[in-house]
Amino acid sequence: MNKAQEKNLPPYYIFNDITLNEIIAYKPTTIEELLAIKGFGLKKCDWYGEDILDIIRSL
């Protein structure tokens with residue numbers, strides 16, 4: 001089950017396409033780099049940051 005389904009939210013509520021495209025373009029490797037991406041704040045980094053970084057590392 002993905003994070004959006006767990007929280008009963010539409011996926012775009014967690015990250016919109018612009019944020020996802022920036023993640024793909026910049027391929028951040030640290031929480032600090034994630035914070036530089038529009039759409040990421042401290043809460044989202046806390047909630048999803050390590051999961052996003054794990055996904056990037058697996059590519």
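**View 1. Side-chain contact between Asp-54 and Arg-57.** The side chain of Asp-54 makes a polar contact of 3.0 Å with the side chain of Arg-57 (a pair of N or O atoms within 3.5 Å; within protein, one must be able to donate a hydrogen and the other to accept it, and residues adjacent in sequence count only if both atoms are side-chain atoms). The model is predicted, so local features are reported only at pLDDT of at least 70 and side-chain atom pairs only at pLDDT 80 or more, whereas totals for chains, interfaces and linings use all residues. Residues are numbered from 1 along each chain as its sequence is written, and side-chain values use heavy atoms, with hydrogens and water left out. Asp-54 belongs to helix α5 (helices are DSSP runs of H or I with at least four residues, numbered from the N terminus). Asp-54 counts as partly exposed because its relative accessibility is 41%, the class between buried, under 20% relative accessible area, and exposed, over 50% (1.4 Å probe, protein chains only). Thr-29 lies 25 residues from Asp-54 in sequence, and their C-alpha atoms are 8.9 Å apart in space.

View 2. Leaving aside residues up to four places away in sequence, Thr-19 touches Ile-37, Lys-38, Gly-39 and Phe-40 (contact means heavy atoms within 4.5 Å).

**View 3. The loop residue Asn-8.** Asn-8 sits in the loop between α1 and α2 and, although not a glycine, has a positive phi of about 55°. With a relative accessible area of 70%, Asn-8 is exposed. From Asn-8 to Phe-40 the separation is 32 residues in sequence and 20 Å in space, C-alpha to C-alpha.

**View 4. The largest nonpolar core.** This core (a set of buried Ala, Val, Leu, Ile, Met, Phe, Trp, Tyr and Cys residues joined through side-chain atoms within 4.5 Å) comprises 12 residues, among them Ala-4, Phe-15, Leu-34, Phe-40, Cys-45 and Tyr-48. Its largest share, 5 residues, comes from α5. Tyr-48 touches Lys-3, Lys-7, Ile-14 and Phe-15 when residues up to four places away in sequence are not counted.

**View 5. The largest pocket and its lining.** The pocket volume is about 450 Å³, taken as the space filled by probe spheres set on grid points joined across faces, edges and corners. On a 1 Å grid over the protein atoms alone, a pocket is an open set of points where a 1.4 Å probe fits, with protein on both sides within 12 Å along at least five of seven lines, and lining residues have an atom within 4 Å of a point. Of the 16 lining residues, Phe-15, Leu-20, Ile-23, Ile-52 and Ile-55 lie nearest the centre. Helices α1 (3-6), α2 (11-14), α3 (17-26) and α5 (42-58) each supply at least two lining residues, and α5 gives the most, with 5.
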